[in-house]
Amino acid sequence: MRRALSLLGLALVLVLTACTGLPTTGYVNPGRGPQTDDTQAFAFVPDGPQDDATPAEIVEGFLRAGSGPADDWATAKLFLAPGTSWDPRARVTIDRLADRRATAAPDGTAVTVALTSIAGVDADGAYAPTASGTSETLSYGLARVDEQWRITSAPDGVVLYEEVFPTVYQAASVAYFDPTWTFIVPDVRWFPRPLVASRVATALVDGKPSAWLAGAVQSAFPDELSLVGRSVTLSSSGVAQVQLPRAALSLDRTTLDRMQTQLSRSLVTAGISEVQMTVEGTPITASEVPVRVTRVDPSPAVLTAVGVFGALAGDAIEPIGGLSDAVESLAPNAVEVEADRSLAAVRTQQGSVASALADGRTFLLDERAGLIAPSIDGEGEIWSVPSNAPTQVRAFTPEGVPREIGNAWPDASEIVSMQVSRDGTRVAAIVTVSGVREVWVAGIEREGTGVSLGPPHVLSFSQQGAFDLAWLDDTTVGVLATADGASRLRELNVGGRGTEASAPDGARTLAAGSTSVRVLDDAGRLFSRRGSSWTLVASGIRVLAAQQGTTS
């Protein structure tokens, strides 16, 4: 039976300063995650050293030339004295334009550069923000070469202004499998644009997952297998070819198919639509395996002000099997629904955590004080934790058998919100550390019957006012916050940069939609965002449920 519910009807400019090189094409700011990154190719042609430049000008020009990775940073190397060792691929330091200062010693043989770092990218392409206002000092040695100043010693890596970085480096995902070979898990990296496809293939075949994720995912590529050569080549028909050694011919078809899946899913984020594994130029027979999607149901799952739970469809609430009655009986103030709609995790108005099953049964799981909203993991267990004891995360079977989660949120004094990703391999949380709210993500590591979290990876060091989060897609965590009395939605890329925009006034709960973001406000109004606009969808809603995916 459908239950009636009343409804209510409803430019970016990039400034590239302090760069003496000339851009060769236009630039479009990247959107959420590498899957939707429509950044167009943009190449700097930085200037080489100028005659009679001062030591400070030589170092400043060298830093600007870090924006030109062509020919292995050939222009930047013109600033170096013969025989000087410098590895531009070792690291990227991303800094603020206004804060960079170069100071030369009186005799010109040394220059120090003071800067404010906002993020860094390591040699493997892994992006990590730095704490707000992190100051760094870089030291350079210089000498006269043919009557011109040249650099004799320099820290490895390049330094790029935050406005310039996304035009020189491109985000792409290295694709891994979850432990059940069911989901593809993206590991976002950043590589120089002219080299992105080859660097992605090398990272997948010869590299390892990011340290924080490594224990939560797996790869079909054997450790002993390496790329032949370091580049992805295009065949005459436009198919990208990845050369593997003869050892690949001895692998079974299931392994080869999974390898093909990982390569295809990785290289598509680098703009490669078709990829083929080869041995000595001969194609390997392999095809992609089916994987589960992580999108959520198009219909929001809600509890109305009169206590009716189900899927919002048009102007009515449609019951979810036997689950609706079970959820309603618990009088919830927070709900998360399993992908197959067989289970819901509930926090009751009394503050306890319970399970609701599609057969109508309910189980009281956790009665500790101060519990935050629960979340469901990939094994169908319900995670629960008190806000003042972040390390005491417990996972319960739907029937109530508990287990402790090891290494949960070390050094955090408070946890405000937590959600497991829909592929079951990661968990994100808003935590408080030394009085400051931060957003962390960690891999979920399973060994035998034990479950623990990998080392936490910080997505944001300062999220004052943050109170709710949700996985918006496979690479983006959304955070609701209040700032100066206004509601804000911050979208943090897991392995990249974030964005911030306004949210409906009084926003209280955040949830992912199938192609949108959903927010419930304090007045019980449900909003949906498409693009930059918020649309009022319904009123009279008490709870907006999180969804752990869909089976459709």
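Which side chains meet in a salt bridge at 3.9 Å, N to O? They are those of Glu147 and Arg144, a salt bridge being a side-chain nitrogen of Lys or Arg within 4 Å of a carboxyl oxygen of Asp or Glu.

## Basis of the model

The model is predicted: local features need pLDDT of at least 70, side-chain atom pairs count only at pLDDT 80 or more, and totals for chains, interfaces and linings use all residues. Residues are numbered from 1 along each chain as its sequence is written, and side-chain values use heavy atoms, with hydrogens and water left out.

## Salt bridges

The whole structure contains 22 salt bridges. Arg368 and Asp366, by contrast, are both buried, and their closest N and O atoms are 2.8 Å apart in a salt bridge.

A further salt bridge joins Glu500 to Arg490, with the closest N and O atoms 3.2 Å apart. This pair links distant parts of the chain, with Glu500 in strand E35 (residues 498-502) and Arg490 in strand E34 (residues 486-493); helices (H or I, at least four residues) and strands (E, at least two) are DSSP runs, numbered from the N terminus. Glu500 is partly exposed at 43%, whereas Arg490 counts as buried at 10%.

Arg150, in strand E8, is buried without a salt bridge; Asp51, the nearest side chain of opposite charge, is 5.6 Å away. Here Lys and Arg count as positive and Asp and Glu as negative, with His and the chain ends not counted. The Arg150 side chain reaches the backbone oxygen of Leu78 at 3.4 Å. Beyond four places in sequence, the contacts (heavy atoms within 4.5 Å) of Arg150 include Ile58, Leu78 and Phe79.

Ile58 is one of the buried residues of helix H1. In that helix (residues 55-64), 7 of 10 residues are buried, and these pack against elements including helix H2 (70-77) and strand E8 (148-153).

## Nonpolar cores

A nonpolar core is a set of buried Ala, Val, Leu, Ile, Met, Phe, Trp, Tyr and Cys residues joined through side-chain atoms within 4.5 Å. The largest has 48 residues, and Val242 and Leu263 are among those with the most contacts inside it. Helix H4 (residues 196-206) supplies the largest share of this core, 7 residues. Apart from it lies another core, of 37 residues, including Trp73 and Tyr140.

How values were computed. Buried < 20%, exposed > 50% of the residue type's maximum accessible area, 1.4 Å probe, protein only. Polar contact = N/O pair within 3.5 Å; in protein donor to acceptor, adjacent residues only side chain to side chain.
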